[in-house]
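Here is a short report on one protein chain. Please keep the sequence and the structure open while reading.

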Amino acid sequence: MSFRARLLIALLVVVLLPMIVLALGVRREMRTRVIAQSDRRVQALARVIAEDFDETHASIGAAVAAIARTLPDDGAFRAGVLAAGADRTHVIDFAGKAMRAAALTTLQIRNDSGRILSSGHFPGEFDRIDPALPRLLSALSGPAIVETRTAEGSLLGVARVDSVRIAGRSFTVVGGRAIDQRFLDRMGRDEAMGVILRLPDRTMRARSAIRVETSGDSLDGERIVQALALPYIDATSVETTQGDAEISITSSLTPADDLRRSVDRWTLAAFLLAMGAAVLAAFWLARRLSRPMEELAAAAATVDLDRLDVRFATGRDDEIGVLSRRLSSMVDRLRGSAARLREAERRATVGDVARQVNHDIKNGLAPIRNVVRHLSQVAREQPSELAGIFAARQGTIESSIEYLETLARNYARLSPSLATRPCDVSAVIAEIVAGTGGRGAVVHARPEPGLPLVLADAFVLRRILENLVGNAIDSLDGKAGEVTIGADGATDHRVGATVRITVRDTGRGMDERELSLAFDDFYTTKPNGTGLGLSVVRRLVADLGGTLKVETEPGRGTTILVDLPAAPGARPAAIGGAR
């Protein structure tokens, strides 16, 4: 990710994250406070509605009680209800006149058997017997909603009952005032609240300023905050029944939602403004910071050990100027360090070459030393056979001298080139075995008959085997043991036909740590070793396009496996054939 992108993201996070937290907090707090305030208003309205019902209930009770008190003093009414065969016209019309005078909506006068003697709101109910309604109303201490019959249908209202005794007989007066749409609208005066009257079979809603889409009892966008329970008496059927009614006071969520949407719009506008400002600030800062940084990076990219003359602008007083000065100081230090490093490398190279020359010359002199020792022993013990032994070992001396001369020529060139050609591995093994006599170890040559020729440099191949055999003999630590040099044909799916050369000894072997370090330059476990033997072998095998593998076990010996590619189209070498 680029520096500009990182800077832009950082500014957006720093600017927008606090705004998001603030907006969410304000949004939530405002909605909570609006709903809480609405709930308090609903509760206040519920108290007002309850007080209105109580006042209406008390007012109806006073009107009904006043009517009941007038009955004993009304002679025509007394005569109409007590005298047999008396004219009952006054009794029938009495409830209608008294109902209008007392500003009631319903009024009925019944005798002690529940027979309706006079009905102001429905004269047609004269003589109907319904003893349940007065009994149910008498059992209630608070207001009740009563639904009664009229000539046009039913009438819903708040009703009270009172009783009076005339000439020893009991009469009941049931009166009430209607609960209609105007009554509900008068209770639902607040435009943010609604009043709903729930009856067992229907629902009535006050027509307030609330504009909420409802269907039946649905309250989408509203919350029921307060509910007032009232008894409900249904006197419209043959048998009067009692149930429950409820007045629900609801709070509309529309004001809170409108406020939330308004806050959201302003918050979105603030977000967009802050985001635009953050983007502009990020680009401005990135331009001021990235251009000098890019110049520093371009200058730093040209720095290497071969070019340490790079200069950095150090005239700025800010952090970039500090960085430039430190880079300049670093280049100065690198310049001094590079000079010291070149001198150290030159000395190390000279030392490495000296060690390599010493190691290779020792390998070349070893066969000559062994032949000279053998000839000296023959001269002391069997002088007569000296000439024959010398003739037999003369080839070893000449081969070793040729090896040393080739080695000298290669070091004279310092970077010798490989002269690869088909080589006879069996012949090279025979030469190596012939030059290892007298070192206290039994060396066996066991190449497989009919080996194909390998594509290699004969001189390099001899160096590989001499190093491996020398290490194998040294691993015996001067004790009796055997070293076996074998070779056989193999096939590698990656390179095709190969020849595997195996150098196996019965020496002390290597543990895991020694094996992991065996191919490192200058690592050795011998007191006078140079630590270059296996390191040289690995490089030479790689130069010939071969592979090298080591199998070893402490106390059981070591086996070195060298796979070299066979020469294409070369015939198998004769067993023991010379080059």
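Glu-551 is partly exposed, with a relative accessibility of 39%. Its side chain meets that of Lys-549 in a salt bridge, at 3.9 Å from N to O. Lys-549 is partly exposed as well, because its relative accessible area is 47%.

This is a predicted model. The average pLDDT over the chain is 79, and 81% of the residues score at least 70.

**Salt bridges**

The whole structure holds 15 salt bridges. Three of them are set out here.

| Pair | N to O distance |
|---|---|
| Arg-128 and Glu-125 | 2.8 Å |
| Arg-202 and Glu-147 | 2.9 Å |
| Lys-549 and Glu-551 | 3.9 Å |

Take the pair of Arg-202 and Glu-147, whose side chains form a salt bridge. Arg-202 sits in the loop between strand 6 (193–198) and strand 7 (203–205), while Glu-147 belongs to strand 3 (residues 144–149), so the pair ties together parts that are 55 residues apart in sequence. Are the partners buried or exposed? Glu-147 is buried, at a relative accessible area of 5%. Arg-202 counts as partly exposed, at 29%.

Now turn to Arg-128, which forms a salt bridge with Glu-125.

**Overall build**

The chain contains 12 helices and 16 strands. Of its 579 residues, 41% are buried. Its accessible surface comes to about 31,700 Å², and carbon and sulfur atoms own 55% of that. Among contacts in the chain with a separation of 6 or more, 65% are between residues 24 or more positions apart.

**Nonpolar cores**

Which residues touch the most other members of the largest nonpolar core? They are Phe-53, Leu-104 and Leu-197, in a core of 46 residues. Helix 1 gives the most to this core, with 10 residues.

Leaving aside residues up to four places away in sequence, Phe-53 touches Pro-143, Val-158, Ile-179, Phe-183, Met-187, Leu-230 and Ile-247. There is also a second, separate core, made of 39 residues. Among its members are Cys-423, Leu-461, Ile-473 and Val-503.

**Along helix 1**

Helix 1 spans residues 3–70 and includes Val-13. Val-13 is partly exposed, at 45% relative accessible area. Together with Ile-9, Leu-17 and Val-21, Val-13 forms a nonpolar patch on the surface. The accessible area of the four residues together is about 350 Å².

Ala-44 is also placed in helix 1. It is partly exposed, with a relative accessible area of 29%.

**Two alanines with positive phi**

Most residues other than glycine have a negative phi. Ala-103 has a positive phi, near 60°. This residue lies in the loop between helix 3 (89–101) and strand 1 (106–110). Ala-103 is partly exposed, at 48% relative accessibility.

Ala-167 has a positive phi too, near 55°. Its loop runs between strand 4 (154–166) and strand 5 (169–178). Why does Ala-167 count as exposed? Its relative accessibility is 54%, and the cut-off for exposed is over 50%.

Two stretches call for a separate note. Over residues 209–219 the pLDDT stays under 50. The model has 22 contacts for this stretch beyond four places in sequence. Residues 574–579 also have a pLDDT below 50. Beyond near neighbours in sequence, residues 574–579 have 12 contacts in the model.

Methods
Residues are numbered from 1 along each chain as its sequence is written. This is a predicted model: local features need pLDDT of at least 70, side-chain atom pairs count only at pLDDT 80 or more; totals for chains, interfaces and linings use all residues. Side-chain values use heavy atoms; hydrogens and water are left out. Patches are made of residues with over 30% relative accessible area and no salt bridge: like charges are joined within 9 Å, nonpolar side chains (Val, Leu, Ile, Met, Phe, Trp, Tyr) within 5 Å. Accessible areas come from the Shrake-Rupley method with a 1.4 Å probe; for residues, only the protein chains shown count as cover. Helices (H or I, at least four residues) and strands (E, at least two) are DSSP runs, numbered from the N terminus. Buried means under 20% relative accessible area, exposed over 50%, partly exposed in between (1.4 Å probe, protein chains only). A nonpolar core is a set of buried Ala, Val, Leu, Ile, Met, Phe, Trp, Tyr and Cys residues joined through side-chain atoms within 4.5 Å. Contact means heavy atoms within 4.5 Å. pLDDT is the predictor's confidence in each residue, from 0 to 100.
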